[in-house]
Amino acid sequence: MQHVAVSNGMIGVLAQGKGTPILFVHGFPLTHAMWNKQVDAFSRRYRVIAPDLPGFGESHVTGSTMSMEAIADDMHALLHAVFVDQPIVFCGLSMGGYVAWQFFRKYRAQLKALVLCDTKAAADTPEAAAGRLKLAEDILARGSQVALEAMLPRLLSANTAQEHPEIVADVRSMILRTSPASMASALRGLADRPDCTELLGQIDVPTLVLCGQDDQITPAAEMKHMAQAIRGAQFVEVPSAGHLSPLENPDVVNSAIQGFLKTVS
Ligand code: MLT
């Protein structure tokens, strides 16, 4: 890992390989390590950049609300800091996808293609946003264990939970190493994020949409509908996977990304 300064503080980033750059942006409340299987596979032929978002992993916590736009700004600054000024493939999962909308909106010239995993364009309903703010307060009062209890059962498919204790252990450890202040800051940013549904019709880069078949947070039917609103987007449903499809079924996810990249690079 190297550490680079951006306007919101210090970001830890894994950058390796040569070729077309792929930026892997993780979900909440995880770290770059959720992409380990993609980093291994793609850094043989591509320049892979996998940061810890502000407040996660080796990146420092920032203000009390981390907006998706501020993260997109940090990603743009980070790319420059690791000497990537050409167009990138932006691959984001869930919160990483929410950041992708903001990156498209502000930095379209630096975007070659999008890979959107287990994410959505819609904003939170008022009830969902209120639930996130309440969760932020609970986590601040009682610790990161609260996030583990609230989220773990919804992140992974039943198959992963039963057959892959090593994946469950990795996800637990990513969640538990995140500080309550970082979680609260991200939850406030998630609750406050804008609706990006209108943006879908404007997307003019090649796009691949992936979704775990058993995703409870961003269900496959909703993602398929979202993909249909993006001109020419490909949609792939990933079997034996929940919300964390790249971690739960890396073989299917990697081969879908590999096939897609052949059509864009
Ligand atoms: C994520 O994986 O980033 C979160 O599930 C996002 C969300 O809760 O909307």
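Biologist: Which residues line the largest cavity?
Modeller: In this predicted model, a search of the whole structure finds one cavity of 30 Å³ or more. About 40 Å³ of space lies in the largest cavity. Its lining is formed by Met68, Tyr98, Trp101, Gln102, Lys120, Ala121, Ala122, Arg193, Pro194 and Cys196.

Biologist: Which element gives the most to the lining of the largest cavity?
Modeller: The lining divides into seven nonpolar, one polar and two charged residues. Among the lining residues are Tyr98, Trp101 and Gln102. The element that gives the most, with three residues, is helix 3.

Biologist: Why do the buried residues of helix 9 line one face of the helix?
Modeller: The buried residues of helix 9 (residues 220-228) are Ala220, Met223, Met226 and Ala227. Seen down the helix axis, these buried residues line one face because they fall within an arc of 120 degrees.

Biologist: Which residues are exposed on the other side of helix 9, and against which elements do its buried residues pack?
Modeller: On the other side of helix 9, the exposed residues are Ala221, His225 and Gln228. The buried residues of helix 9 pack against helix 3 (95-107), strand 6 (111-117), strand 7 (207-212) and strand 8 (234-238).

Methods:
Residues are numbered from 1 along each chain as its sequence is written. This is a predicted model: local features need pLDDT of at least 70, side-chain atom pairs count only at pLDDT 80 or more; totals for chains, interfaces and linings use all residues. Side-chain values use heavy atoms; hydrogens and water are left out. Buried means under 20% relative accessible area, exposed over 50%, partly exposed in between (1.4 Å probe, protein chains only). Helices (H or I, at least four residues) and strands (E, at least two) are DSSP runs, numbered from the N terminus. The arc is that of the directions from the helix axis to the C-beta atoms. Contact means heavy atoms within 4.5 Å. On a 1 Å grid over the protein atoms alone, a cavity is a set of points where a 1.4 Å probe fits but cannot get out, and a pocket is an open set with protein on both sides within 12 Å along at least five of seven lines; lining residues have an atom within 4 Å of a point. Grid points are joined across faces, edges and corners, and a volume is the space filled by probe spheres set on the points. Ala, Val, Leu, Ile, Met, Phe, Trp, Tyr, Cys and Pro count as nonpolar, Asp, Glu, Lys and Arg as charged, and the others, Gly among them, as polar.
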